[in-house]
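Biologist: Could you walk me through how to read this model? I would like the general idea of a feature, then the case here.

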Amino acid sequence: MQAMPTEELFGSILLSGAHVEAIVRAVESALEVRRRYQFFVWAQSNLQLLLPHQLVVCGAYQRQRRELHFEAFNNVPVPAPMLLSLSDGRGALMQQVQGRWIDARCKPVAVPVAQLEGQALEPICKELRQAGFDELTAHGVSRPQRPSEIESFFIFASANQGSSPQQRLYLELLMPHIHSTWQRVQVNEREINDAPPAQQPRGTGPAGITERERQILSWLREGLSNQQIGEVLGISALTVKNHVQKILRKLGAANRA
């Protein structure tokens, strides 16, 4: 068995041994992802080193609707209207970003928000810039020889931070696995939703999350402290801390971030 080299050259970009190992871990751990919450945990843990982001928008083509259906995940507070615009596959924002990707010959593309055009986009572009999202990094998968027939499409963004050529390379290397993982999530979620009520778990959410834990999880997502969550729910900060620890164990997450 040969030892992994400390550096590898891919095109004109040098990959460190740590990043090669991170790519391998991300690919291997993707095989365990079956549900939306697992995808979120995977993206926040295994993808963050390679693709730093605070917001990821995932789209998959739904044949019954004959269009891309988008869902947004964020680890920082994001205005609801912005999430709606990013989840609207027919909206001007998503249509233009997809067009930029196709123009880039279906390669990872960094789209400056300031360069998005059209009066209809002015309100959402203003919201994006105010939130610090000055650039959207996009990539996807389309049918062979038919670039406009997109099978899946993803946008990554971080406040006050754009993507580097190296990060876009990572995105290109990982895209087949991101695509297949999100497709698998979609299939499994449909099967669960279509299952008879008697076969669906009762009284709990994903990974056995209880209603109270779901409330606390929603406040964690907004960035509230244990003390603040306790004040909202009328419980002690210590009780909130205990709930948070249970949530982390159920989701397999290392920390509240």
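Biologist: Is C125 buried or exposed?

Modeller: Buried means under 20% relative accessible area, exposed over 50%, and partly exposed in between, with a 1.4 Å probe and protein chains only. C125 has 4% relative accessibility, so it counts as buried. C58 counts as buried too, because its value is 0%. This is a predicted model, where local features need pLDDT of at least 70 and side-chain atom pairs count only at pLDDT 80 or more, while totals for chains, interfaces and linings use all residues. Residues are numbered from 1 along each chain as its sequence is written, and side-chain values use heavy atoms, leaving out hydrogens and water.

Biologist: How many disulfides does the structure hold?

Modeller: A disulfide is a covalent bond between the sulfur atoms of two cysteines. The test is a pair of cysteine sulfur atoms within 2.5 Å, and the structure holds zero disulfides.

Biologist: Which residues of helix 7 are buried?

Modeller: Helices (H or I, at least four residues) and strands (E, at least two) are DSSP runs, numbered from the N terminus. In helix 7, residues 211-221, the buried ones are E213, I216 and L220. Seen down the helix axis, they fall within an arc of 60° (taken from the directions from the axis to the C-beta atoms), so they line one face of helix 7.

Biologist: What do the buried residues of helix 7 pack against?

Modeller: They pack against helix 8 (226-233) and helix 9 (237-251). Just after helix 7, G223 takes a positive phi of about 85°.

Biologist: And the chain overall?

Modeller: There are nine helices and seven strands, and buried residues make up 40% of the 257 residues.

Conventions:
Contact means heavy atoms within 4.5 Å.
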